[in-house]
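These are my notebook entries on a structure I examined. I record what I looked up, entry by entry.

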Amino acid sequence: MTDATAPPPSAPGPFHVRGALKEAGLAAFVMLGLSLALIGARIDDVSGGLAVRWRPFDVLAAVVVAFLGRLGLAFLRAGRPAPVALASGLSCAALAPLLAVSATGGGAADWARTALPFSGFAVNVLVLVVVVVLALRAGLAWRFGARAGARARAGAPGAETMDRLASVARRAAVHAVPVLLLAAVLFPFLPFADRRILDIAILVVTYVMLGWGLNIVVGLAGLLDLGYVAFYAVGAYAYALLATEMGLGFWLCLPFAGVMAALAGVLLGFPVLRLRGDYLAIVTLGFGEMIRIVLLNWYEVTNGPDGISGIPKPTFFGLPFVRSPPEGTESFHTFFGLAYAPIDRIVFLYYVILAMALITNQFTLRIRKLPVGRAWEALREDETASRSLGINPRNTKLTAFGIGAMFAGFAGSFFATRQGFISPESFVFIESAVILAIVVLGGMGSQVGVVLAAVLLIGLPEIFRDLQEFRMLAFGATMVLIMTWRPRGLLAHREPTIRLSGKGAVRR
Amino acid sequence: MLGTFEYFVDQAINGITLGAIYGLIAIGYTLVYGIVGMINFAHGEIFMIGAFVSIIAFLTLGFLGLTWVPLALLLVLVATMLLTAVYGWALERFAYRPLRRSPRLAALITAIGMSIFLQNYVQLLQGARNKPLQQVIGGGFEIMREGDYVVTLSYLQIFILLLTVVLMAVFTLVIGRTALGREQRACEQDRDMASLLGVNVDRTISLTFVMGAVLASVAGLVFLLNYGVIDFYIGFLAGIKAFTAAVLGGIGSVPGAMLGGLLIGLIEALWSGYFTVEYKDVAAFSILVLVLIFRPTGLLGTPDVEKV
């Protein structure tokens, strides 16, 4: 399958004003339909029920923006970027300061708010983003002539650039990986790495590990798993229950949590792995929900929606991270003769998850070269052919499912020990979707891509946590935009894992 | 009371009403899956948008002082169908069309992204709180009585069932008898060949999304009328259940989607009636797994012939 979504760019033709106006009118009409109810009316709670507050000017503004935007696009496509660049540049210059002022407090903000086209802050930001994109495109086309315009018209500007970048990244990976690794190892000692940044880093690395684990199932074995978070939950609850009920430590429970999750994976996978593609996806989604519902309702064991709290923290070879250890024992700082610093524990947690993630990565890279890894990839490519070559599809898929689940279990028990509190709330479907998105956005099967996507999808929203309400909106939009821009993922490449000659060749 | 026939009938009526909602949403999944081969994960959100447009339309009519219920219902129905259809169209045009020839996983991720986006979009615009609506259609008539236990069939339930049956009939006719339906079936079988033979594939796919959105919007309206309260999150679970229903009935088959919807609705209602409410979703998913193990293509689906 090739990337044939866009028509081949052709030379700028004659510009039909009527055609452009018609298109713009259609866009305005569609916008009218989109905005009439949901943007034009807001349901408000008033005493004794609900009432609708009208915002006709928002609808009007939306329609005008759609009309002008579509008209500008038509100009661009006809190879006439100059007026568009000017108009959108001017509107940028008008909108951005207004928006900035309206975000502050005081009287000027009120004035700025009335001058802005929409009453909702988010909608204004959205409009600004659209105008900026339009201005950039038009400006580029103006500066670099019709070729850039034609590229913009092809709908995927810079797609080839990104492909080239991906191949450069692939070649540079040999050198870049040690550098990245060093950066990751030294990260806690960098000057800006305070508690908040470290917490975000731990979260990102957790998702990197989950992404690498799911990559075994989705990327290597080609099994679409929409319920991966279930195994994460099994690992987390396995550790939490063992620790709180039997008083076992983190390091003792970690392998056990992994085994439990792998067992759950094999048990759930056994009946359904002969299903294909989307059927498997929906069944795994169902299993994910089922496990969450069981956790929610099995009060006697899981404490239901209240969750399990007081989960013990991990220790450094038996040395806890506490200010004043109980009589006769030592803690981390007394043993090494250091001053007590609460951040020590965070740094330690960071290294724990980093080590776990790197082990996952190393495991994946190694197992790809083993017979079972090759069998996964063969099954992904063609199940019928691999079956005729003597690969047992069910057992092979079960190993992939079980091993992927095992890593989720490890990550889950880390999650439990880091949070100290877990509840079914943490294991909703959206988590599975996010992990899958990390795998797919990064470029299926690309280990570095997973890191990139995790930083992009988890790290950035966490840093912009102040914009709480727009966070998830932007998250969804980013997923859509990246996929439409690069359908095979950011760093997509298909590289043969086995070669007949040269580096990494098969030994006979 | 629990063991009586009357109790069973009562639960069954609830189940069929719920099943009608699932079935209406499931048709959208099945149509889109049949023609584009993707799980339109954002379809549940279209249903949610339909419910929101309905409540806004009801409140508007109430504000305008229109209180004659049949006319109000008709106006709300038309407004909801039209405005939600625009969302269905726009969803396909901007999120899915650029990805039509991309790997299927890309389309799935886009659909999940759109689902997250639309949920938060509605939450931002309309607020996160529940939106309750006063009862629009009240009353009903008694069909059975056992001591103090009265089984009633409300006018609302009759309205929902009639509406569903009429819509099913109309859409079966559209797909089976009209030129549009023929083009849809042609695209379903072989998109490239259909376009060679003069079928406007883009338009057909757009109209398929519009049809799905119209049915989902009706489901949203029915949900609002039946439960009286909505929030921005209702699309997720309803969407998953409806997709389950579509798979259960055999994805790609319109009667299958309706049958699957009815079955899921009945299972849920009867399970909550006789066992525990908490595990009704587990029951629905377990039935799905069982059916798929023994009939991998669903109840009314046709098996895929696999070529090497």
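I looked up the contact between Arg70(A) and Glu23(A) and found a salt bridge, its closest N and O atoms 2.5 Å apart. I count a salt bridge where a side-chain nitrogen of Lys or Arg is within 4 Å of a carboxyl oxygen of Asp or Glu. Arg70(A) belongs to helix α2 (residues 56–77) of chain A and Glu23(A) to helix α1 (residues 17–38) of chain A, so the pair ties together parts 47 residues apart in sequence. I took helices (H or I, at least four residues) and strands (E, at least two) as DSSP runs, numbered from the N terminus. Glu23(A) counts as partly exposed because its relative accessibility is 37%; buried means under 20% relative accessible area, exposed over 50%, and partly exposed in between (1.4 Å probe, protein chains only).

The model is predicted: local features need pLDDT of at least 70, side-chain atom pairs count only at pLDDT 80 or more, and totals for chains, interfaces and linings use all residues. Residues are numbered from 1 along each chain as its sequence is written, chains are lettered from A and ligands numbered from 1 in the order in which they are written, and side-chain values use heavy atoms, with hydrogens and water left out.

I next turned to chain B. The side chains of Arg100(B) and Asp202(B) form a salt bridge at 2.6 Å, N to O. Arg100(B) sits in the loop between α3 and α4 (104–126) of chain B and Asp202(B) in helix α8 of chain B, so this pair ties together parts 102 residues apart in sequence. Arg100(B) counts as buried because its relative accessibility is 17%, whereas Asp202(B), at 33%, counts as partly exposed.

I also found a salt bridge of 2.9 Å, N to O, between Glu268(B) and Lys241(B). Glu268(B) lies in helix α10 (residues 254–274) of chain B and Lys241(B) in helix α9 (residues 234–249) of chain B, so the bridge ties together parts 27 residues apart in sequence. Both Glu268(B) and Lys241(B) are buried.

How many salt bridges are there over all chains? I noted 20. In chain A, a network of salt bridges links Arg368(A), Glu377(A), Arg380(A) and Glu381(A).

My last entry concerns confidence, where pLDDT is the predictor's confidence in each residue, from 0 to 100. Chain B averages 88, and 97% of its residues score at least 70. Within chain B, strand β2 (residues 140–146) is lowest, at a mean of 78, and helix α8 (residues 201–227) is highest, at 94.
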